[in-house]
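Colleague: I'd like to go through the side-chain contacts in this one with you. Could you start with how you decide on burial?

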Amino acid sequence: MTQETVAPTSEAVLDREETISRDELEALQLSRLQHTVAYAYDRVPLYKRKFDEHGVHPTDLRELSDLGKFPFTTKEDLRLEYPFGMFAVPQHEVARIHASSGTTGRATVVGYTKKDLADWAKLVARSLRASGVRPGMKVHNAYGYGLFTGGMGAHAGAEALGCTVIPISGGQTERQITLIQDFKPDAILATPTYLLTIADAMMKQGIDPASTSLKYAVLGAEPWTEEMRHELEVMMNIKACDIYGLSEVMGPGVAGEAVETQDGSHIWEDHFRPEIIDAFDPSVVLGDGEPGELVFTSLTKEALPIIRYRTKDLTRLLPGTARPAHRRMGRITGRSDDMIILRGVNLFPSQIEEIALRIPELSPHFQLELTRPEGQRMDQLTVKIERRETVTVEGVASAAKVLQQQIKIHVGSSCTVDVVEPGSLERSNGKLRRIYDMRPKA
């Protein structure tokens, strides 16, 4: 199929579950939720133990609100059950295993049956289609392959949609550019900071990032702001949409953003039941529109059912728009475990990104350094951020002062701003590290 014959966004054929009413969807959720809770209790020793200790039984789940009676699952639970203690099916029924990197502790391991893999591919395909990708398009997949769920999850979804997949994986930025130039893909899948790395590298080669064949970018695996979206869309002449997921719940494709509205990712609630809890008092389940920590319960997973998993992602639930029955996630403002508490003020890297990208002299490339100078009891924050190529020395000093003032006004904390030369900070090859904690260890 040639580029000219690809159907426009309005002609997309939706899954039946994308078009049902909210009442129909909630009836489906309750049926699937009752099955999943009983299934997990019967098959996963951790859940039987936790439910019993908590004084609840699967038969206590009579309506959707009853889910709040059940205990949470945490990353630590998965680590304690390493490697296969969370699996609800015999080993010979597990078709694939993925795992986290284990950089912050023992790896978390997730498994999939053949049906799980088929469901996963369907939901990634649904997310890609919502974001403008169509059958017959060429898709450049720059998510990392391997035990990380991003690469293979996105790959399977693009193939299920009927796309031609270019499985380049992450890194090798020069080769990425060559293949984009030569293969002329319609869409790219990557983290937002890695797509920014590719665009910057193109400009250094004298290639206009807006001149490529790319029309759509489906970006995820790290929080990003509307300011970053604008930066990428203008720089590359594309439509950029969010895709959300995490390995413990499934992988990419738990939620996807519609290209016609670009107003947050719709959660595919026929497969996942979301909740928002108070991150500081987890016993409090918050209403739609209230910000807090996102919690997920799977409704259809066989190998690894997950009950009330605390994601640590901070967001809020909003009414559906492009898919009215399915609620949307607001932008992820950060992760509760990525939160910096600086002199009593809560701060997230996404807040700095949002402020910095409103200052024309400053680029999206920045790092946050936390220090505690010898003999002092107060922590210090230094924002290291690159200037744009066209900025003068006078412009650097002015921009640094503006950023420092805006952080004080909007975040409520003082910091030092160090504007550095273009290209001097670490570039993303996948997920980018923003915070460098150099405080003395206790």
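Modeller: A residue is called buried when its relative accessible area is under 20%, exposed when that area is over 50%, and partly exposed in between. Please keep in mind that this is a predicted model.

Colleague: Fine, so is arginine 323 buried or exposed?

Modeller: Arginine 323 has a relative accessibility of 5%, and therefore it counts as buried.

Colleague: Which residue does arginine 323 form a salt bridge with?

Modeller: Its partner is glutamate 260, and the closest N and O atoms of the two are 3.7 Å apart. The pair links distant parts of the chain, since arginine 323 sits in the loop between β14 (317-318) and β15 (328-329), while glutamate 260 sits in the loop between β8 and β9 (265-267), 63 residues apart. Glutamate 260, at 47% relative accessibility, counts as partly exposed.

Colleague: Which residues are joined with them into one network?

Modeller: Through shared partners, salt bridges join Asp15, Glu17, Glu18, Arg126, Arg129, Glu260, Asp270 and Arg323 into one network. One of the salt bridges in the structure is between the side chains of arginine 126 and aspartate 15, with an N to O distance of 2.8 Å. That pair also links distant parts of the chain, with arginine 126 in helix α5 (residues 114-130) and aspartate 15 in the segment before α1 (16-19), 111 residues apart. Both arginine 126 and aspartate 15 are buried.

Colleague: And how many salt bridges does the structure hold?

Modeller: There are 35 salt bridges. Another of them brings together the side chains of lysine 75 and glutamate 248, at 2.6 Å from N to O. Here lysine 75 belongs to helix α4 (residues 75-80) and glutamate 248 to the loop between β7 (239-246) and β8 (251-257), so that distant parts of the chain, 173 residues apart, are linked. Lysine 75 counts as partly exposed because its relative accessibility is 27%, whereas glutamate 248, at 5%, counts as buried.

Colleague: Changing topic, where is threonine 311, and what do its side-chain polar atoms lie close to?

Modeller: Threonine 311 is in strand β13 (residues 309-315), and it is buried, with a relative accessible area of 2%. A polar atom of its side chain lies 2.6 Å from the backbone oxygen of leucine 294, and a polar atom of that side chain lies 3.0 Å from the backbone nitrogen of aspartate 313. Leaving aside residues up to four places away in sequence, threonine 311 touches Tyr244, Leu246, Glu293, Leu294, Phe296 and Arg335.

Colleague: Which residues of the largest nonpolar core touch the most other members?

Modeller: That core has 68 residues, and those touching the most other members are Tyr47, Phe51, Leu128, Val133, Tyr244 and Phe296. Its largest share, 6 residues, comes from α5. Apart from it lies another core, of 27 residues, including Ile180, Ala217, Ile238 and Ala240.

Colleague: What does tyrosine 47 touch?

Modeller: Not counting residues up to four places away in sequence, tyrosine 47 touches Ala40, Tyr41, Thr73, Met86, Pro305, Ile306 and Ile307.

Terms used
Residues numbered from 1 in each chain as written. Predicted model: local features only at pLDDT ≥ 70, side-chain atom pairs only at ≥ 80, totals over all residues. Heavy atoms only, no water. Salt bridge = Lys/Arg side-chain N within 4 Å of Asp/Glu carboxyl O. Helix = DSSP H or I, 4+ residues; strand = E, 2+ residues; numbered from the N terminus. Buried < 20%, exposed > 50% of the residue type's maximum accessible area, 1.4 Å probe, protein only. Polar contact = N/O pair within 3.5 Å; in protein donor to acceptor, adjacent residues only side chain to side chain. Contact = heavy atoms within 4.5 Å. Core = buried A, V, L, I, M, F, W, Y, C linked by side-chain atoms within 4.5 Å.
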